[in-house]
Amino acid sequence: RRTTSPAEWTDQVETALERIAAGRLAKVVLAQALSVDLEGPVDVPATLERLARQYPNCYRFLVAHDVGGTFFGAPPERLVSKRGGRVETEALAGSVPRGESPVEDEAHVERMRADAKFQHEHGLVVDAIREQLAPFARDLTVREQTIRRLATIQHLQTPIEAVLEGDRHVLEIVEALHPTPAVGGVPPDAAWETIRDAEPFDRGWYA
């Protein structure tokens with residue numbers, strides 16, 4: 001069961017485009033949800049193990065509650081890593097498929113690198129993370145853009161590092177970075193307003 005019909009999806013996209021054209025938004029990420037009835041209970045540890053085998057370069061997570069089920073997945077991006085006063089994160093935006101060979105892989109990557117739309121989208125994420133981290137940082141470094149290759153997809157990736165000004169808890173950094181433009185948009189408040197207005201379902205734990 002899908003939460004969004006094709007006609008509703010078209011309306012949502014048009015609403016977002018109108019707000020972008022009016023200058024209220026630079027980027028927004030809309031979502032759909034799919035509900036399925038399973039034949040039996042899910043073996044969550046076994047499923048996480050399969051995800052680890054299929055997507056070894058992703059970050060697995062699991063949140064279990066007595067009420068409300070289990071939320072798990074294997075996203076490609078790391079929100080934040082903090083070791084002492086040093087923080088590492090990354091901008092991951094702009095995607096193309098994997099090729100059937102290394103030559104095809106590179107052809108997809110070169111197309112993505114040269115595409116103004118991909119670079120604009122990626123730049124928005126880099127700029128947003130830089131702005132969100134800056135108030136905490138004594139020193140902030142944006143590394144050179146690289147490619148993150150996963151089992152079925154390739155992303156533009158820019159590593160970002162910061163040396164913190166003073167003692168900060170990791171959850172303060174999480175609060176500053178989340179939601180990233182990869183799941184919300186730019187500027188964040190306008191993007192979330194658009195998401196709440198457009199999407200016919202509650203995202204819940206998603207994103």
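Author: The largest pocket holds about 1200 Å³ of space. A pocket is here an open set of points on a 1 Å grid over the protein atoms alone, where a 1.4 Å probe fits, with protein on both sides within 12 Å along at least five of seven lines; lining residues have an atom within 4 Å of a point. Grid points are joined across faces, edges and corners, and a volume is the space filled by probe spheres set on the points. The model is predicted: local features need pLDDT of at least 70 and side-chain atom pairs pLDDT 80 or more, whereas totals for chains, interfaces and linings use all residues. Residues are numbered from 1 along each chain as its sequence is written, and side-chain values use heavy atoms, without hydrogens and water.

The largest pocket is lined by 41 residues, of which P75, E77, T180, A182 and V183 are the closest to its centre. Two or more lining residues come from each of β1 (27-28), β2 (61-64), β3 (70-73), β5 (86-97), α4 and α5 (170-177). These elements are DSSP runs numbered from the N terminus, helices being H or I with at least four residues and strands E with at least two. By class, the lining has 27 nonpolar, seven polar and seven charged residues; Ala, Val, Leu, Ile, Met, Phe, Trp, Tyr, Cys and Pro count as nonpolar, Asp, Glu, Lys and Arg as charged, and the others, Gly among them, as polar.

Of the lining elements, α4 (residues 116-133) also approaches α3 (residues 102-114): their axes come within 5 Å and cross at roughly 70 degrees. Axes are lines fitted to C-alpha atoms, for helices over the stretch in contact, with angles from 0 to 180 degrees between N-to-C directions. The two helices, α3 and α4, are therefore roughly perpendicular, a term for angles of 65 to 115 degrees. In their contact (heavy atoms within 4.5 Å), R111, M112, R113 and A114 of α3 meet A116, F118 and Q119 of α4. This contact of α3 with α4 comprises four nonpolar, one polar and two charged residues.

For context, most peptide bonds are trans.

How values were computed
Parallel < 35°, antiparallel > 145°, perpendicular 65-115°, else oblique.
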